[in-house]
Amino acid sequence: SAAIAIAAASTAVVFDKEHFPPALRLFLLSYALASTAEWWFHKNDMHETDAVHILHHGETNPDMTMPEGYDINAIQFPLSASAKIAALGIPLLSIADVFLGLEIPIWYNSVAAVLVAGIHAGLWNTMHPDSHEIVLDTNDKMSDSNGAAYLSWLPTDNFVWRWLILNHTGHHTIKGNYNCVYPGADNVYGTFFFTKKEEQ
């Protein structure tokens, strides 16, 4: 499939120290790990042991809106989750760097892990409310978790944002489409499904 081909090409670039700079190779490696981690965590943790997330799926109306009195803690990621993403990313990238002989400067890995966590928090805490038609203003937070705030200044009138919303809408109807912010792993691991709107 196209996803496998892209993954293979990206892997080749990551290992090609002669022709590609460290920053590009680290970007591709970071994205691959972020997409896979998001997929695994969403599929195997949030849908198996996370009571708040499981309740969220049960509460969501068929049209993706939320009922009165819904649990607001399921809408935005807390700061603790973003901190865990960064804390896990640093050793994962460093281990991959050393054991695979990638020769990427070690301090790059810390920066990349923090960026991955920060971008995820900002996009998810904005995209997820939008997907459930929850109206928020810039800097609004739906709980006291001190996670990233809603970012109304993000460009949302474009194909990418609409696709992310549609992809998450599909996730609420089938067991799949676990990637939310970093798409890709669903396609590689066979859990991506087109929605009817995409097929038309």
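A search of the whole structure, which is a predicted model, finds 6 aromatic pairs, a pair being two rings of Phe, Tyr or Trp (its six-membered ring) whose centres lie within 6.5 Å, with planes under 30 degrees apart counted as stacked, over 60 as edge-to-face and the rest as tilted. In one of them, the ring centres of Trp163 and Phe192 are 6.1 Å apart and the planes meet at 25°, so this pair is stacked. Because Trp163 belongs to helix α6 (residues 159–171) and Phe192 to the loop between α7 (185–189) and α8 (196–199), the pair ties together parts that are 29 residues apart in sequence; helices here are DSSP runs (H or I, at least four residues), numbered from the N terminus. Phe192 also pairs edge-to-face with Phe194, at 5.0 Å centre to centre and 75° between the planes, and Trp163, Phe192 and Phe194 form one aromatic cluster. Phe192 is buried, with a relative accessible area of 17%, whereas Phe194, at 54%, counts as exposed (buried is under 20%, exposed over 50% and partly exposed in between, with a 1.4 Å probe and protein chains only).

His172 is placed in the loop between α6 and α7 and is buried, at 17% relative accessibility. When its neighbours within four places in sequence are left aside, His172 is in contact (heavy atoms within 4.5 Å) with His56, His57, Thr60, Met64 and His132.

Helix α1 (residues 2–15) comprises 14 residues and reaches 20 Å from its first C-alpha to its last, close to the 20 Å expected at 1.5 Å a residue. The buried residues of α1 are Ala3, Val13 and Val14, and these cover an arc of only 100° around the axis, which puts them on the same side of α1. What covers these buried residues includes α2 (22–46) and α7.

The largest pocket has a volume of about 830 Å³. Among the 34 residues that line this pocket, the closest to its centre are Phe41, Phe77, Ala81, Ile85 and His120. The elements that give two or more residues to the lining are α2, α3 (51–59), α4 (79–99) and α5 (106–131), and the largest share, 9 residues, comes from α2.

Residues are numbered from 1 along each chain as its sequence is written, and side-chain values use heavy atoms, with hydrogens and water left out. In this predicted model, local features need pLDDT of at least 70 and side-chain atom pairs count only at pLDDT 80 or more, while totals for chains, interfaces and linings use all residues.

Key:
Expected span 1.5 Å × (residues − 1). Arc of directions from axis to C-beta. 1 Å grid on protein atoms, 1.4 Å probe; cavity = no way out; pocket = protein on both sides within 12 Å on 5 of 7 lines; lining within 4 Å. Points joined across faces, edges and corners; volume = space filled by probe spheres on them.
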